Amino acid sequence: MKNSKKSVLHVLSMSILLAWSSTSFAELVNNNSVSPSAGSSSASISWSANDVSQFLEDDETEISPQGSTSVTTILRGSGSASITSSTAPQKSVQIRDTFGYSNQPSVNARAALVMDAQTGEVLYSKNSSLAVPIASITKVMTAVVTADARLDMSEEITLQQIDFAGAGGKNSSSTLRAGDTMNRAELLLFALMKSENPAAAALARTYPGGRSAFVAAMNAKARQLGMTSTRYAESTGLDPHNVSSARDLGILVSAASQYGLIRQFSTTPTYDFNLGYRVLKSNNTNALVRNGGWNINLSKTGYINEAGRCVVMHTTVNSRPAVVVLLGASTSQARTNDATNLLNWVATLPKRI
């Protein structure tokens, strides 16, 4: 394939993404019309500058169920390689403590929250105001700050050794290597779907003003959203000084779900990253996203020893948009079991009208 890279940001829905999993961003860019792999019907892709605003601003489009065949591709044209508008989603849900539901399930996780994402009604709570390390759940805010900055998503970024240095005394294990080059969109996809720490570190390093400015923007956004128990020390989640509460993360997930870019990238079940000289086959870190079955609109998992197994999700169950937060589960299976039990429980609640 050609090594020339990418002038578009792809926001691909799940089934088409699977069909094109062996196609690189560069190959998609080089043609205005793209044919999926053999055996699937061809698709014509169109784009416009307005698409950019929709996906990086508060787009009012309905959240598509997982498995939708729609495709949106955003062009970063040669004459307009970056977005200068600073407008970003500002809607913030107000959490309302009601706890009016019986037969609530028990969970293994140290802290948990289930919230109606539209009304702010708390459906389930366990230690939800306790501030604890949040591991790679940090990357949700990393994505929000990146999107808010309106940077050129087609800009090529080369990973440096410092991006692999880790944080909080922890090394960063990765299939990526120093010297790998990809665009900012691919870094964000790596960070959200596969939780690659060097990708998140590179996003902060290449932010205007560098890492310190990026972390300041993360904490400023948290304050803006009313996340009073939240503090960020870096962009990956390796540092246990990144702390938040299930309640605060409910606010963050509700806000992040307004970005089509974050919704699509965080719920990509699998993608083959073709770097030109090797292909990295990558799977989403959330088993519920990989396996399907639930309408998951946004997802992020996390793990370091201090945080335990964590996950946040924005879902739609029985026409109810719901945020699920689990922090400090003992194992990956316990985390998945907790999430499944809570989703099944929400499905028994009265449907929204």
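Lys-139, Ala-143 and Thr-146 of helix 4 meet Arg-184, Leu-188, Ala-191 and Leu-192 of helix 5, where contact means heavy atoms within 4.5 Å, and where helices (H or I, at least four residues) and strands (E, at least two) are DSSP runs numbered from the N terminus. The residues of this contact divide into 4 nonpolar, 1 polar and 2 charged; here Ala, Val, Leu, Ile, Met, Phe, Trp, Tyr, Cys and Pro count as nonpolar, Asp, Glu, Lys and Arg as charged, and the others, Gly among them, as polar. The model is predicted, so local features need pLDDT of at least 70 and side-chain atom pairs count only at pLDDT 80 or more, while totals for chains, interfaces and linings use all residues. Residues are numbered from 1 along each chain as its sequence is written, and side-chain values use heavy atoms, with hydrogens and water left out.

Helix 4 (residues 138-148) and helix 5 pack at an angle of about 160 degrees with their axes 10 Å apart, the axes being lines fitted to C-alpha atoms, for helices over the stretch in contact, and the angles running from 0 to 180 degrees between N-to-C directions. That angle makes helix 4 roughly antiparallel to helix 5, because angles over 145 degrees count as roughly antiparallel, under 35 as roughly parallel, 65 to 115 as roughly perpendicular and the rest as oblique. The crossing of helix 4 and helix 5 is left-handed, a term used if the near helix is turned anticlockwise from the far one by less than a right angle, with right-handed used if clockwise.

On helix 4 itself, 11 of the 11 residues are buried, so this helix is largely enclosed by the rest of the structure; buried means under 20% relative accessible area, exposed over 50%, and partly exposed in between, with a 1.4 Å probe and protein chains only. The buried residues of helix 4 include Lys-139 and Asp-148. Helix 4 is followed by Arg-150, which has a positive phi of about 55 degrees although it is not a glycine. Arg-150 is found in the loop between helix 4 and strand 9 (156-158), and is buried, with a relative accessible area of 3%.

Helix 5 (residues 184-193) also packs against helix 6 (residues 197-205), at an angle of about 135 degrees and with their axes 7 Å apart. That makes helix 5 oblique to helix 6, and the crossing of these two helices is left-handed. The contact is made by Arg-184, Leu-187, Leu-188, Phe-190 and Ala-191 of helix 5 and by Ala-199, Ala-200, Ala-202 and Leu-203 of helix 6, and its residues divide into 8 nonpolar, no polar and 1 charged.

Asn-284 lies in the loop between strand 13 (279-283) and helix 10 (287-291), and at 2% relative accessibility Asn-284 counts as buried. Leaving aside its neighbours within four places in sequence, Asn-284 is in contact with residues including Met-193, Thr-268 and Ser-299.

Is Ser-319 buried or exposed? Ser-319 is exposed, with a relative accessible area of 54%, and is found in the loop between strand 15 (308-317) and strand 16 (320-329). Although not a glycine, Ser-319 has a positive phi of about 65 degrees. Thr-348, found in helix 11 (residues 332-348), is exposed with a relative accessible area of 60%, and its C-alpha atom is separated by 8.5 Å from that of Asn-318, 30 residues apart along the chain.
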